[in-house]
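Good morning, everyone. Please look at the screen while I walk through the charged pairs.

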Amino acid sequence: MRVRVEVGGELLPGSPLYRSTGRSLELQPPISPAEERVKTLALGKLALTLSFRSQRLLGLLALCPSGRWRTGGAQPPPPPDAPGSLFFTADFGAEDFLFFDLLPRYHFHGDSCSLRIQLGEGSALTVRVGRRLLAGLSREGYLTDLWLEELRFRA
């Protein structure tokens with residue numbers, strides 16, 4: 001999934017939350033009245049909420065039980081290279097929903113309480129896109145990883 005970064009752009013607020021009753025992981029999008037309409041980019045069971053106009057990442061929802069998260073060998077998030085906003089360049093056509101059959105991998109690092117959502121290989125740049133969210137990008141501009149930091153758990 002090709003993306004572009006606006007260095008110094010606005011960071012997403014909010015903290016990631018895992019709800020054990022629904023087996024869902026979410027970072028709630030901050031929807032303002034001017035941003036009521038959104039696009040959804042589904043990567044398997046990972047749904048990304050994007051601004052309708054700019055396709056800027058606003059939030060995410062993953063339907064993946066924590067029992068499927070790999071814990072052995074998981075690493076903490078890398079230090080970010082820069083802060084910025086993340087924009088997707090996918091062509092939605094006239095639709096507001098786009099689906100790709102993808103199987104993200106989930107790696108939980110207990111000491112840092114962080115979750116890596118791995119979408120690809122070869123992360124070369126790490127961008128802080130939210131208060132508790134990092135994005136990994138390849139040299140070619142593809143999204144390879146998302147790291148949710150200080151993940152909270154609720155029943």
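E121 is exposed, with 56% relative accessible area. Here exposed means over 50% relative accessible area, buried means under 20%, and partly exposed lies in between, using a 1.4 Å probe and protein chains only. This is a predicted model, so local features need pLDDT of at least 70, side-chain atom pairs count only at pLDDT 80 or more, and totals for chains, interfaces and linings use all residues. Residues are numbered from 1 along each chain as its sequence is written, and side-chain values use heavy atoms, leaving out hydrogens and water.

What does E121 meet? Its side chain forms a salt bridge with R105, at 2.9 Å, N to O. A salt bridge is a side-chain nitrogen of Lys or Arg within 4 Å of a carboxyl oxygen of Asp or Glu. This pair links distant parts of the chain, 16 residues apart: R105 sits in strand β9, E121 in the loop between β10 and β11. Strands (E, at least two residues) are DSSP runs, numbered from the N terminus. R105 is partly exposed, at 40%.

How many salt bridges does the structure hold? Five.

Next pair. R132 and E150 form a salt bridge, with the closest N and O atoms 3.3 Å apart. R132 lies in the loop between β11 and β12, E150 in the loop between β13 and β14, so the pair ties together parts 18 residues apart in sequence. R132 is partly exposed, at 22%. E150 is partly exposed too, at 46%.

Last pair. E26 and R19 meet in a salt bridge at 2.7 Å, N to O. Buried or exposed: which is E26? Buried, at 13% relative accessibility. R19 is partly exposed, at 30%.

How values were computed: Helix = DSSP H or I, 4+ residues; strand = E, 2+ residues; numbered from the N terminus.
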